[in-house]
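Good morning, and thank you for coming. Please look at the display first.

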Amino acid sequence: MTEPKPVVVIADPLAPAAVEVLSGDFDVREIDGTNVESLHAALVEADAVIVRSATTIDAPALEHAPKLKVIARAGVGLDNVDLPAATERGVMVVNAPTSNIVSAAEQAITLLLASARHIARADASLRAGRWDRKKFTGVEIQGKTLGVIGFGKIGQLVTTRMQAFDMDVVAYDPYAQPAIAAKLGVKLVDLDTLLASSDFITIHLPKTPETVGILGEDAFNKVKPGVRIVNAARGGLIDEEALAAALQDGRVAAAGLDVFVKEPCTDSPLFALDNVVAAPHLGASTREAQDNAGLAVAKSVRLALSGEFVPDAANVQAGGVVHEDVRPLLPLAERLGRTFNALTGAPVQSLTVEVRGDVVDHDVTVLQLAATKGLFVDVADSVTYVNAPLVADQRGVEVGLFTSKESPEYQTLITLRGALVDGRSLTVSGTISPGPHGGLRLTEIDGFELDIDLDGSLLFLRYTDRPGVVGLIGGALGDLGINIAAMQVARKAAGGEAVMAMALDAPVPSELLGRIKESVGAKGVKTVTLQD
């Protein structure tokens, strides 16, 4: 019988190219998400839902979505998604944070140029039948100083483009990397210095409690007289009443605005001022940005429904870009976590994820997350990259990370070291074998050296080393009709404790583990199935 395809609900119109990315492998259902009844009905079978800005995915909507694994917002903001509710349910929330950065940067530049040359007023005047050339004398931007508040990706794009106009650029951003600023020839300054020295100011900050009203009455009292100000980032970053006053008394010569405190905004004192050029939040309104956003989230949905890590997940700890050297280690860390859990036999009190090798030159925090997911995925419901830290916290398991470049035996080695509530400890280690066909390998259990694939059905035994055990276990599994694909025995001394690891062609039913343990006189028998 054919497995049903995962259901992807598209609740707001999406670019055709994005729909095409999903249509082959998924059951794509396009609905009007603004109709709450239709949305709730569609979510009952949904594995993923994609929205833009019109559809709201709130807690009541999530109550109708028992199978939901991912919410994708084809855009930057997440105001229409209940992030805490999704996180609690283990539902990944993704967006497209870089899809519109070029469009947003170009919109800011458009407003800057329009404010410098009175483009909107001149156009309206000409259309009204007047030829008022002298009335619209503007200013050149060559040789002027541009102050960039917020030196992230968009701020940097604006910078490089305006430097081509021969503008000098200063920037204010407490979190900016000096090396990047130096590479771009930008001087990082404090906010007061930027205000006092800039002929033009453009703002590119997220809206947070710290940034709301960052340009207000106090700032406008410190600006260089005749400054022109642009905001194509977020409404509320500028105090609109204070800006209107500064525009009227000449402290600010002109303003270009694409965003407002309350949107839609069709009535504002700013619209009555001749020195304001305004647009209805068009920063991301280009065909390219819309297509990019749709394609980005469609790819994220594919990753999420495949159980893979999604870099653009907004509610995943250690989110962000995962270096290409770190990404292959994600399944290794997760499978080590699952193996660790299978071997414990008692609740875990604490776990340290130890990463060794040159890979630690990159951010490997995500490997801690992957190991945590693996630790709980077989013992708790719906454990994902999203809620794995929450599950650990609820179960009182403290998870930490240790890194070191020293790795004498392997290019990269991941070790999980845990303390159990019964006082015992446990370690498991693994690596990726080199070469084009390299696989995930289990290299050690509690100091017993092994080398076996971390794949398929694995069986582990602890017993006292003695002749004949291999034959006994082979016979026991043969009686059950289970073939051994690979086997390895590790011991520290003849006649002492030994560990046997086996890769099997089929999993051993849990009810038969006791029979195997008894047949070979093992101290412990554990099994785990690591097939995707």
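What share of the contacts in the protein with a separation of 6 or more comes from residues 24 or more positions apart? The figure is 61%, where contact means heavy atoms within 4.5 Å.

Before going further, a word on conventions. This is a predicted model, in which local features need pLDDT of at least 70 and side-chain atom pairs count only at pLDDT 80 or more, while totals for chains, interfaces and linings use all residues. Residues are numbered from 1 along each chain as its sequence is written, and side-chain values use heavy atoms, with hydrogens and water left out.

The protein contains 17 helices and 22 strands; these are DSSP runs numbered from the N terminus, helices being H or I with at least four residues and strands E with at least two. Its C-alpha trace spans about 105 × 50 × 40 Å along the principal axes. Of the 532 residues, 48% are buried; buried means under 20% relative accessible area, exposed over 50%, and partly exposed in between, with a 1.4 Å probe and protein chains only.

Let us turn to helix packing. Helix 5 (residues 101-117) and helix 7 (residues 153-163) pack at an angle of about 50°, with their axes 9 Å apart. That angle makes helix 5 oblique to helix 7, because angles under 35 degrees count as roughly parallel, over 145 as roughly antiparallel, 65 to 115 as roughly perpendicular, and the rest as oblique. Axes here are lines fitted to C-alpha atoms, for helices over the stretch in contact, and angles run from 0 to 180 degrees between N-to-C directions.

A second pair is formed by helix 13 (residues 329-344) and helix 14 (residues 365-376), which pack at about 35° with axes 7 Å apart.

Now to single residues. Is Ser-404 buried or exposed? Ser-404, in strand 14 (residues 398-404), is buried, at a relative accessible area of 15%. Its side chain reaches the backbone nitrogen of Glu-406 at 3.1 Å. Beyond neighbours within four places in sequence, Ser-404 is in contact with Val-355, Arg-356, Gly-357 and Val-360.

Some backbone geometry deserves attention. The peptide bond from Glu-263 to Pro-264 is cis, with omega near 0°, and Pro-264 belongs to the loop between strand 11 (252-257) and strand 12 (276-278). His-118, in the loop between helix 5 and helix 6 (119-127), has phi near 55°, a positive value in a residue other than glycine. His-118 is buried, with a relative accessible area of 16%. Asp-446 has a positive phi near 50°, and at 22% relative accessibility it counts as partly exposed.

Definitions and conventions
A polar contact is a pair of N or O atoms within 3.5 Å; within protein, one must be able to donate a hydrogen and the other to accept it, and residues adjacent in sequence count only if both atoms are side-chain atoms.
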